[in-house]
Amino acid sequence: MSQEPPQKLKGRHRLLQGLQRMSSSPSLAKMGSSPQGSSISPPIQVSSTFVTPPGTPGTPNSSSSYLDTHSRFRPLETGSAAASSEHLLLRTTKTTLHEISEKPLPRRENFNFWADLPQEIRIQVLSYLAPKEIIRLSAVSKAWQDMCFDGQLWTVLDCQTYYQKITSEALMKIMLRAGAFVKNLNLRGCVQLRDQWLSLGTRMTNQECRNLETFSIEGCKIERSSIHFFLLRNPKLLHLNMPSMSQVSNATLKIIAAHCRNLELLNINWCTNCDNRGLLKVIQSCPNLTDLRASEVRGLDDPELALEIYKRNNIERLILAGCESLTDEALEVMVRGVDPKVDILTDRVMVPPRRWRHLDISECRQLTDRGLKALAFNVPFMEGLKLCKDASLTDDALLDLMSSMSRLTHLELEELDLLTNEVMIKLAKSPAAKTLEHLSISYCDQIGDVGVLPILKSCPELKSLCIDNTRISDLVLMEASEQVRKRGNITKKGQRPKKGMELIAFDCANVTWAGVREIMQGNCRILQGRKKSVVKETLMSRSPMDSDTDTVSPAGSGSASASQEMRRVIEIQTLLFPAQVIHLKAFHIWQPTVDAHYQRCMTARWGAAARLEGKWAEWMVATEEVGNVGHGWGARRRRRRQREAENRVREDTQGLVHDTDGPNGTGTETEDMSGLETGGSRRPARRRARSGGCTVM
């Protein structure tokens, strides 16, 4: 008679069967007994393949068992040792839970959490403190002093932020204790070490500080021998900063060329004892040099030095400001080399492009348009260009250069008297307009609204604009406010905006308080966005007695009624707050009000900013009305500025000069209350003696 297949278990019975199989696993025998005395029961012999499961452990023959009568076991294969005996071995375990003690663990005697920590963890904790705080902790005890002056805490020793507060003894102790660990040593402004170098300078350079990678001694009183010792014993130097050091000479540069061949940055700005001979050795011996700053260094007209700079086409930042010896011929050799090939189709030289990214040739008085034209189409990677106080430069030097720099972000053209609006219009049309972030045209007397307005419209990334002492008017301020307002909006009222532009426009004769008010209004102007449709649900109830009259009562009125949901579509107005604001620097009398308004905008206090702007505008209008009635000299000054502004705008737009003919064509012009009469040629104005008046003006 064939046996019926066992019925499959489900739910709780299936789970309990799995637990019993796990308890009968042979691997449990190897784990040993538990602390509570749990043991493994002896094997139970079962005479049949399908049997009734045993009772609950600890309660034999219990009626409530883990398994029901339909439980099945896996039969052993025939021919095996277990099959010959026709028995199945089952193992059951007797387990108990660990007892959880409610009493707290006993406290150890002489427990010191900080002292029991490993040294590495303590050093890691102290590394998050500022240097000033670490020095204060060193006064706790001798153990803390040894721990605070551990060299692992001073791998970066930058004294620039606290050099005035630390004593020479503490600073020298740090350098001696942590000398072998120091990699970045910045002693900028540490004049208190002047006497310490004489006593401990040789020890520190001979035994300590031999793994430096960055070394800065700007403004530090240090002996020339100590500088040479540092350079001789630190061949791993990568960055060396020694500006305005009279102790640095050509001998120092020769040591750098011989022992610091991995140098990447060299700053010898305003080191008057260095010239082209020492600089030539450094360039020849340091193939990894990418940043060279040599302002006011003599002898840059040397053709050998210029040719070496051309051959070593790995310099990315070249600072040659104030080098009066730099000539057009030397700059051409740096860019083109000697006797370059010329393309007959484009009439351009065929040389590898320069890798210069930042170039500063300000105050180089011998440079003219000829030398600057050599840069055109040869510096495609240029990001920053500084040409300040080069009085001989004109528009011809910059027109081709502007169209060949597609990555330009910073441009400074201060005090170029011959520069006109044509260069600004060319810059606005060039590829550099999309990446330009900083522009400075201060003291460019011939640049006005015609040149600056296209810049504001074409440069979406412009963050800094210096246009002080130029011929701009309120139109530029209005356009700047409009362009910055278009850069984005904020829908959350409390979210703070960012500074979108730094606008410097003080000492501009054509800028009035009306233009400053436009900036203030644009910073706090709140616009209305699109309306949002929102569905509002209202729970209403209908009474059976009111079915004839169609009366609807609110839910919860207490009478038996059927509830009904009513949905209405409500339109909510969205307010748009400015995401970026302008920080304006204007006339010094208006600046406190402008700063207070800017602080309110930056803290998202839009209502307070609008009230301040309105009150300031009312006060300015009232002040002008009082000036028109009571002070004749104030009205004359205002009319004179207005007349000059109109003449300048007429010259910019039409290219005309002052009209000499009067309204009647007789060459005379008369103005009420001015006290001046002009004939065919304007005579210099003569001021009257004043009595009293405004103390501020």
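Trainee: Why is Glu324 called partly exposed?

Mentor: Buried means under 20% relative accessible area, exposed means over 50%, and partly exposed lies in between, with a 1.4 Å probe and protein chains only. Glu324 has a relative accessible area of 47%, so it counts as partly exposed. Please note that this is a predicted model, in which local features need pLDDT of at least 70 and side-chain atom pairs count only at pLDDT 80 or more, while totals for chains, interfaces and linings use all residues. Residues are numbered from 1 along each chain as its sequence is written, and side-chain values use heavy atoms, with hydrogens and water left out.

Trainee: What makes the contact of Arg365 and Glu324 a salt bridge?

Mentor: A salt bridge is a side-chain nitrogen of Lys or Arg within 4 Å of a carboxyl oxygen of Asp or Glu. Between Arg365 and Glu324 the N to O distance is 3.6 Å, and the pair meets the rule. The two residues belong to distant parts of the chain, 41 residues apart: Arg365 is in the loop between S12 and helix H14 (369–373), and Glu324 is in the loop between S9 and helix H13 (328–336). Helices (H or I, at least four residues) and strands (E, at least two) are DSSP runs, numbered from the N terminus.

Trainee: Is Arg365 buried or exposed?

Mentor: With a relative accessible area of 59%, Arg365 is exposed.

Trainee: How many salt bridges does the rule give?

Mentor: The count comes to 13 salt bridges. Glu316 and Arg357 form one of them, their closest N and O atoms being 3.5 Å apart. This pair also links distant parts of the chain: Glu316 is in the loop between helix H12 (303–311) and strand S9 (317–319), and Arg357 is in the loop between strand S11 (349–350) and strand S12 (358–360). Glu316 is partly exposed at 32% relative accessibility, and Arg357 is partly exposed with a relative accessible area of 32%.

Trainee: Why is the pair of Trp114 and Trp144 called stacked?

Mentor: Rings of Phe, Tyr and Trp (its six-membered ring) pair if their centres lie within 6.5 Å; planes under 30 degrees apart count as stacked, over 60 as edge-to-face and the rest as tilted. Trp114 and Trp144 are 5.4 Å apart centre to centre, with 10° between the planes, and the pair is stacked. Trp114 lies in helix H3 (residues 113–116) and Trp144 in helix H6 (residues 142–148), so the pair ties together parts that are 30 residues apart in sequence. Trp144 itself is partly exposed, at 23% relative accessibility. The whole structure has six aromatic pairs, and Trp513, Phe587, Trp590 and Trp616 form one aromatic cluster.

Trainee: What makes Arg348 lie over the face of Phe377?

Mentor: A charge sits over a ring if NZ of Lys or CZ of Arg is within 6 Å of the ring centre and within 35 degrees of the ring normal. Arg348 lies over the face of Phe377 at 3.6 Å from the ring centre.

Trainee: Why is helix H18 described as largely enclosed?

Mentor: Nine of its twelve residues are buried, so H18 is largely enclosed by the rest of the structure. The buried residues include Asp474, Val476 and Leu477. Helix H7 (residues 168–177) is mostly covered, with seven of its ten residues buried, among them Ser168, Ala170 and Leu171.

Trainee: How do we know that Cys274 is buried?

Mentor: Its relative accessible area is 0%, so Cys274 is buried. Cys274 is in the loop between strand S7 (265–267) and helix H11 (276–285).
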